[in-house]
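Look over the model first, then read on.

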Amino acid sequence: MAKEVGFKKKQYTILVAMLIFAVALIASGLVPTSMFWIFVILTFIMGVMGPFFEGLYTVILQTKIEVQKQGRVFSIVMSLMQLAIPIGLFIMAPIAEKIGVEKMFVISGILMIVASVMTLTSKTIRNEE
């Protein structure tokens, strides 16, 4: 049997992955263009953090939702995630055009950190088994 990676509570592993992603996102916005290879490494780190979030989120849903309803729930969750992409681009693209993509990375990373901290302060999330 494979050894589990991360904290006993999956939500903490998700939050740490979000924080690492956020820090890499902020750093990628601060890296000068002359150091593109550092940007590539930071992007790789962000890509590696994705499965920690997505995989564990899926496991949590599978353990909390009745088997008969999982198809519907996953369908709604995936639809909302796919819908967020064009909405996010529609909202953020004009802002990034005005302030610069680099600043958008920094702002997005800061917002992710704020969201992570707010999630950590939630008793419902902390006490979930």
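## Terms and basis

Buried means under 20% relative accessible area, exposed means over 50%, and partly exposed lies in between (1.4 Å probe, protein chains only).

The model is predicted: local features need pLDDT of at least 70, side-chain atom pairs count only at pLDDT 80 or more, and totals for chains, interfaces and linings use all residues. Residues are numbered from 1 along each chain as its sequence is written, and side-chain values use heavy atoms, with hydrogens and water left out.

## Aromatic pairs

There are 3 aromatic pairs in the structure. Rings of Phe, Tyr and Trp (its six-membered ring) pair if their centres lie within 6.5 Å; planes under 30 degrees apart count as stacked, over 60 as edge-to-face and the rest as tilted.

F39 and F105 have ring centres 6.2 Å apart and planes at 5°, so this pair is stacked. The pair links distant parts of the chain: F39 sits in helix 2 and F105 in helix 4, 66 residues apart. Helices are DSSP runs (H or I, at least four residues), numbered from the N terminus. F39 is partly exposed at 25% relative accessible area. F105 is also partly exposed, at 24%. Ring pairs join F36, F39 and F105 into a cluster.

## A pair within helix 2

F53 and Y57 are stacked because their ring centres lie 5.8 Å apart with planes at 5°. They are 4 residues apart in helix 2, about one helical turn. F53 is partly exposed, with a relative accessible area of 29%. Y57 is partly exposed at 28%.

Key: Helix = DSSP H or I, 4+ residues; strand = E, 2+ residues; numbered from the N terminus.
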